[in-house]
Amino acid sequence: FVEAVDDCRKAIERDPKNIKAYWRAARASLQLDLCRNGIDFCEAGLEQAPGDADLQKLRASCAEKLQGQQQRRKAQESAARDFNADEAMAIQDKVTALNEQLSRLKATLGSKQRQRVHLELTQQTIDSTPEDAKLYRGVGRCFLLGERQVMLDEMKRKMDNIDEDLPKMQKGSEELEKRKDDAEKELREMITAFRQQADHAATAA
């Protein structure tokens, strides 16, 4: 079709009154989706033959197709505007930050749970140790003699503190998880909407 347009253009240059060459050039342009060029060829031909019905009909076809192209282009531009890249990046950054917070909180939660188990096992070991046995506690790299009851009281205090902290940390973890899921859902919906709009515009094309 490109060669056909060029051949017709040359024919028109040789004979500006060759109406058939205008029609063929416009028809080839229409097949190439060059609707504006097709309209120009038709109008140039109609200047030579104002009443030519074939050129008038072909010009109407080119104009109709051009209007459809313009509408699809506007739909694609609208879809691109609806997808705000900066907003999407901000949501992605939010998801990343929430993931990092959640990972740190889960690590701390796991550490507290392991510490609680360790204290409980130590308490059970002390309880099973004879009353007259000497007990030592670690201080840095050293071990110092300690009093049984003082050690038990200290372990109980630590376990009570952990038991108080664990529900709060678990709740915080659940809240972060929900916020992260909501942000991920928002991002997915934004991307899905953009793709649907783009696909719709492409299908219409």
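Let me begin with a term: a residue counts as buried when its relative accessible area is under 20%, as exposed when that area is over 50%, and as partly exposed in between. By that rule Lys112, with a relative accessible area of 24%, is partly exposed, and please keep in mind throughout that what we are looking at is a predicted model.

Lys112 has a partner, because its side chain meets that of Asp165 in a salt bridge, with 3.8 Å from N to O. The two come from distant parts of the chain, Lys112 sitting in helix α5 and Asp165 in helix α6, 53 residues apart, and Asp165, at 26% relative accessibility, is partly exposed as well.

The structure holds 13 salt bridges, and another of them joins Arg148 to Glu131 at 3.5 Å. Here Arg148 lies in helix α6 and Glu131 in the loop between α5 and β1, so the pair ties together parts that are 17 residues apart in sequence. Arg148 is buried at 15%, whereas Glu131 is exposed at 67%.

Within helix α6 itself, Lys156 and Asp160 form a salt bridge whose closest N and O atoms are 3.0 Å apart, and, being four residues apart, they are separated by about one helical turn.

Let me turn to the cysteines: how many disulfides are there? The count comes to zero. Cys42 is in no disulfide either, its nearest cysteine sulfur, in Cys62, being 4.9 Å away, and Cys42 is buried, with 0% relative accessibility.

Conventions
Residues numbered from 1 in each chain as written. Predicted model: local features only at pLDDT ≥ 70, side-chain atom pairs only at ≥ 80, totals over all residues. Heavy atoms only, no water. Disulfide = S-S within 2.5 Å. Buried < 20%, exposed > 50% of the residue type's maximum accessible area, 1.4 Å probe, protein only. Salt bridge = Lys/Arg side-chain N within 4 Å of Asp/Glu carboxyl O.
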